[in-house]
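Biologist: I am new to this structure. Please show it to me, then take me through it.

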Amino acid sequence: MLQNLRARFRFRLLLASTVLLLIAMMSVPDNQYAVFLSMAFLVAAGVNALPKKHPMHPVVLILGLTVLLCKALTAMGMMSYHVGNFGLAILYAVLFFALIHRLTHQRPVTGELLYGLAAIYLQIALLFAILYDGIEMFWPGSFSISTGVAPLEIGDFAYFSLITLTTVGYGDIYPLHPAARILVTFEAVTGVLFIGLSMARSLMLISDDNVDELERD
């Protein structure tokens, strides 16, 4: 029964954990304990979202445990938080491609597909937030804010990434370095394409299921 519940709510848990981590990063970025717990929840949900027989399941599990270890070392002051962030970016990328493959081939089409797509959409924002933070580390001053010069942190980039992905663009944070501008443009285009392609693919899967059902009848 527990296994059936995990299978039924696996993408809802992934979406909830992604939202929780985004909230923690934007509201309490200095609270390492809250961020760590949110990250641990996301890792567990990500591992649970993939069947044990999936070839990427052990990869996601190992990467997730490595990221949590790096985060724990960062909280103890034994490692730069950028190292953990880069590991987290790799985890997001691997999880993204693994889940995209699974969701686009899921049969039958259920409501869990929508939860999974929403979770992946938000994880795109998390991935780009980490990339923005990395650019700022390598080229300080790559981003600026309209209220004046101030150091930007991962929570600021999580917020900026979300408004860029949704193409809202308030203009309170904007890129200056060419690499930052290219990445911001790429994220905005990715956000639009993801929504369009996800809707098209979902409708195609639903149509295929309806055709199969009619043929059985």
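Modeller: We begin with a term: buried means under 20% relative accessible area, exposed over 50%, and partly exposed in between (1.4 Å probe, protein chains only). This is a predicted model, where local features need pLDDT of at least 70, side-chain atom pairs count only at pLDDT 80 or more, and totals for chains, interfaces and linings use all residues. Residues are numbered from 1 along each chain as its sequence is written, and side-chain values use heavy atoms, leaving out hydrogens and water.

Biologist: Which elements does the protein chain run through from the N terminus on?

Modeller: Helices (H or I, at least four residues) and strands (E, at least two) are DSSP runs, numbered from the N terminus. The protein chain has 7 helices and 2 strands. Their order is α-α-α-α-α-β-α-β-α.

Biologist: What span should helix α5 have, and how far apart are its end C-alpha atoms?

Modeller: Helix α5 covers residues 112-138, which is 27 residues. The expected span is 1.5 Å times one less than the number of residues. That gives 39 Å for α5, and the distance between its end C-alpha atoms agrees: 39 Å.

Biologist: How many of the residues of α5 are buried?

Modeller: Across the protein chain of 217 residues, 44% count as buried. Helix α5 is largely enclosed by the rest of the structure, because the buried residues number 21 of the 27.

Biologist: Which residue in helix α6 forms an aromatic pair with Tyr132?

Modeller: Rings of Phe, Tyr and Trp (its six-membered ring) pair if their centres lie within 6.5 Å; planes under 30 degrees apart count as stacked, over 60 as edge-to-face and the rest as tilted. The pair in question is tilted, 6.4 Å centre to centre with 45° between the planes. It links distant parts of the chain, 25 residues apart, from helix α5 to helix α6 (residues 154-165).

Biologist: Which residues do ring pairs link into a cluster?

Modeller: By the pairing rule, the count is 11 aromatic pairs. One of them joins Phe128 and Tyr132, tilted, at 6.2 Å centre to centre and 45° between the planes. The linked cluster consists of Phe128, Tyr132, Phe143, Phe157, Phe160 and Phe186.
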